[in-house]
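Okay, thanks everyone for coming. I'll walk you through one model today, and please follow along on the screen.

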Amino acid sequence: MPTTIHTDTTAVRLKSLLETLLQTPMPVRLRAWDGSEAGPADAPVVIIKHRRALRRLVWQPNQLGLARAYVSGEIDVEGDLYDVLSRLTALLWTTSGSKGTGKHIPLRSVMTEALRLGVIGSQPKPPAEEMAVSGARHSKSRDRQAISHHYDVGNDFYRLVLGESMVYSCAYWTSDAPGYGLADAQRDKLDLICRKLGLEPGMRLLDVGCGWGSLAIHAAREYGVEVLGITLSTEQAEFARKQVAAAGLSHQVEIRVQDYRDLDDGPFDAISSVGMAEHVGTGPYREYAGILFRHLKRGGRLLNHQISALHPAPAAPDQQRSFIDAYVFPDGELASIGTTVSLLEDAGFEVRDVHALREHYGRTLRAWVANLESDWSTAVQLTSPGRARVWRLYMAASALAFEQANIGVNQVLAVKAHRDGVSEMPPTRGAYLA
């Protein structure tokens with residue numbers, strides 16, 4: 001059995017209060033603001049730097065309360081962040097707090113201990129990095145707010161995190177050879193998409209949610225296609241246009257700031273939707289799939305690359321806001337792969353291939369975290385200490401979520417068959433899978 005250290009009443013009381021609030025034994029060691037410690041001696045240390053962190057948890061005893069304390073710098077980690085997050089998995093991936101445990105929090109005990117620790121007070125304001133969007137959910141104006149919050153935080157910051165490839169989606173790791181890294185895996189992912197779409201010179205490709213233009217540039221340069229890329233992020237579009245011009249591809253690639261609902265440029269020979277559908281939302285996805293179907297030629301292919309919910313539980317009517325929704329992807333929604341396939345087929349597509357890449361995303365996220373941590377001071381200068389902490393927490397927690405099969409990611413290849421049923425698809429996967 002692990003040894004437990006009780007060196008001071010502050011840490012012991014802190015541990016007792018947190019276990020009562022969060023309804024679970026503390027799997028980490030705690031260090032209080034006065035230096036006292038309590039908890040397993042061989043566990044990583046969570047440092048409670050300020051009483052305000054406890055006040056946040058009294059008001060919000062769930063992952064959002066923990067996240068607010070971490071983002072504001074009131075809680076920190078000593079040791080392996082992945083180890084800490086893995087030990088706290090049940091808290092980090094549950095948004096309903098005590099309501100999700102089926103247990104009752106003894107309020108009298110909580111208030112007594114909180115008073116002794118001096119943490120009773122008004123609810124602290126959320127960190128400035130927390131986002132509150134306004135307007136009707138998934139309206140054009142609200143979607144622009146959500147996209148701007150996530151992507152318009154500085155292209156230099158994204159370059160630091162993502163690396164020179166500037167690809168913000170799951171890489172495709174085809175080798176473990178020395179020297180094979182993130183940039184190689186992202187190149188292999190871009191090429192996999194192009195092969196699955198069957199791109200050939202002279203074709204027109206629509207890239208919905210084109211990011212910083214990496215797929216558009218790769219498809220134009222390597223496959224000779226014309227590309228229209230659309231995004232709601234002005235910073236992404238500005239960067240992408242410069243990259244297109246620098247590659248000498250302005251005659252082949254157009255980048256627009258445009259909502260997919262305003263498209264009037266079809267038909268296209270192929271359509272890619274990579275990391276876009278999570279922003280669309282499960283409600284509007286039927287309309288989204290219908291729009292893509294209308295803009296695709298008969299015999300054309302759609303490649304939909306999308307994070308999925310694995311074994312999703314029904315949403316509780318009083319479910320609390322999650323860390324991801326508040327700080328990372330406002331209004332983002334994850335559907336199961338079955339839901340996605342059904343909606344694509346309801347729109348008229350024939351789904352021909354589903355390629356699960358869950359383990360690839362875990363490895364990708366760990367590479368992004370390593371990039372962030374290796375140049376932390378620069379990341380803070382480019383954004384803010386809170387924003388850098390948001391990204392570190394979100395990416396590390398997401399890496400574990402993929403690795404532990406809490407969420408998945410899939411490439412769905414679909415075709416808009418001719419009216420007589422001819423699909424123009426190759427007879428085997430060998431035509432596009434390396």
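Let's start with Q411 and what packs around it: leaving out residues up to four places away in sequence, Q411 touches K189, L192, I193, K196, L303, N304, H305, D353, V354, H355 and L357. Before you zoom in, keep in mind that this is a predicted model. Q411 sits in strand β12, residues 407-415. Is Q411 buried or exposed? Its relative accessible area is 0%, so Q411 is buried. One of those neighbours, H305, also makes a polar contact with Q411, side chain to side chain, at 3.1 Å.

Next stop, D269, over in strand β9, which covers residues 268-274. D269 counts as buried because its relative accessible area is 19%, and the cut-off for buried is under 20%. What does the side chain of D269 do in there? It makes a polar contact with the side chain of K297, at 3.2 Å. A polar atom of the D269 side chain also lies 2.7 Å from the backbone nitrogen of R204. Beyond four places in sequence, the contacts of D269 are M203, R204, L296, K297, G300 and R301.

Now, charges. Side chains of opposite charge can pair when their charged atoms come close. How many salt bridges does the structure hold? The count is 30. Take D76 and R389, whose side chains meet in a salt bridge at 4.0 Å, N to O. D76 is in strand β5 and R389 is in helix α18, residues 385-403, so this pair ties together parts that are 313 residues apart in sequence. D76 and R389 are both buried.

Another buried pair is R256 and D265, and their side chains form a salt bridge at 2.7 Å, N to O. Then there's a network: R29, R31, E37 and E78 are joined by salt bridges that share partners. Within that group, R31 and E78 meet at 3.0 Å, N to O. R31 is in strand β2, residues 29-31, and E78 is in strand β5, residues 75-78, which puts them 47 residues apart. E78 is partly exposed, at 39% relative accessible area.

Last thing, the surface. M111, L115 and I120 make up a nonpolar patch there, with about 270 Å² of accessible area together. M111 belongs to helix α6, residues 107-117, and its 38% relative accessibility is why M111 counts as partly exposed.

That's my tour, thanks.

Conventions: Residues numbered from 1 in each chain as written. Predicted model: local features only at pLDDT ≥ 70, side-chain atom pairs only at ≥ 80, totals over all residues. Heavy atoms only, no water. Patch = residues over 30% accessible without salt bridge, like charges linked within 9 Å, V, L, I, M, F, W, Y side chains within 5 Å. Areas by Shrake-Rupley, 256 points an atom, 1.4 Å probe, with all protein chains shown as cover. Helix = DSSP H or I, 4+ residues; strand = E, 2+ residues; numbered from the N terminus. Buried < 20%, exposed > 50% of the residue type's maximum accessible area, 1.4 Å probe, protein only. Polar contact = N/O pair within 3.5 Å; in protein donor to acceptor, adjacent residues only side chain to side chain. Contact = heavy atoms within 4.5 Å.
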